[in-house]
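Please read the points below beside the structure, as a colleague's note for someone who has not seen it before.

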Amino acid sequence: MALSKKEWFELETFAADLRDLTIDTVNWAGSGHWGGSSSSADIVTLIYRKFAKFDPKNPEDPDRDRVVVSKGHVGILLAPLFSLLGLIEKEQLKTFNLTGSKLGIHLDSNKVKGLDSSTGSLGHGSSLALGMALAGALKGQTYKTFLVLGDGECDEGSVWEAAMATSHFAKRGGKNVITIVDRNHNMIDGNTEDVMALEPFADKWKAFGFETVVVNGHDIPALAEAIERAYKGDGDKPYCIIADTIKGEGVSFAAGNYKWHYGALNEEKYNTAKADLAAFRAKRLERVNKEGK
Ligand SMILES: Cc1ncc(C[n+]2csc(CCOP(=O)(O)OP(=O)(O)O)c2C)c(N)n1
């Protein structure tokens, strides 16, 4: 699928606004999970703005596509996302992770309209997503369930139990799960290959019965093409997209640095981050202008 220049531009702009509002939220909160938020920003933009049947005006529509962001420590990405979608007041973001706020560091689906699951305890989202897909199939519903995993999260054995079950139950609904792994190569305390080697990662997903593709997770048209294929879902297998990303993408001092898994911004760092993100937005929009049709 070729995105039109207009649509590509809109998606880039949304992703740039999302990174910008996320860094603002990190600043208001005093600290936050910037690294894994920025690496997932293009993935969630494409899910919510392009592919998922999800109407923010009717977020509880029983036929909506479901979304489980299993790497729930990126609540600080999801709250700004829901704000941009019109489901959370921007002012409320200023209370993120403060005592008494509805917006905890890991979002609570009982408090945030439109959020399909409370996540944060890594390794649980895969089973939740599969359960949603199986339940839908039992009820004769055809919705898809997007599952976003962290790569470090794949150290959890429960991810692989659920993966095995997802392909085993493919015909009974498992195939409606679309797995996207944010492969940013870093986790909380180091590079994934140093902490617990994942490679050959794509081969593992293939061996667990998934139609697997590796794609640049910051290239909107390439990622859109991979998601479109998974959404269409030809064949018998569930799909896994390994989105190759950069932790902390867009901010010079954080990009590729696992130490920016979680961090606090002083005024100087905040100003640098905002300037970096403005330049990052301009660079990506320049590509749209050059290559878009
Ligand atoms: C069960 C569980 N163990 C440990 C943690 C603490 N923790 C939070 S984020 C994280 C690293 C996750 O790495 P990854 O999935 O790669 O996330 P990303 O780099 O994309 O932010 C850990 C260990 C947790 N939230 N849940």
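1. A backbone N or O atom of Gly152 lies 2.8 Å from an oxygen atom of the ligand, which falls under the polar contacts, that is, pairs of N or O atoms within 3.5 Å. A polar side-chain atom of Asp151 is likewise placed 2.8 Å from a ligand oxygen atom, and in the side chain of Lys247 an N or O atom is found 2.6 Å from an oxygen atom of the ligand. Of the 590 Å² that the ligand exposes when taken alone, the protein buries 78% (accessible areas by the Shrake-Rupley method with a 1.4 Å probe).

2. The model is a predicted one, in which local features need pLDDT of at least 70 and side-chain atom pairs count only at pLDDT 80 or more, while totals for chains, interfaces and linings use all residues. Residues are numbered from 1 along each chain as its sequence is written, and side-chain values use heavy atoms, with hydrogens and water left out.

3. Which residues are closest to the ligand? Among the 17 residues that surround the ligand, the closest are Lys71, His73, Gly120, Asp151 and Lys247, where a residue counts if one of its heavy atoms lies within 4 Å.

4. Two backbone details deserve a look. The peptide bond from Glu199 to Pro200 is cis, with omega near 0°, and Pro200 is found in the loop between α7 (192-195) and α8 (201-207), helices being DSSP runs of H or I with at least four residues. Asn97, although not a glycine, has a positive phi of about 65°, and Asn97 is found in the loop between α4 (90-93) and α5 (125-138).

Notes. Polar contact = N/O pair within 3.5 Å; in protein donor to acceptor, adjacent residues only side chain to side chain. Helix = DSSP H or I, 4+ residues; strand = E, 2+ residues; numbered from the N terminus.
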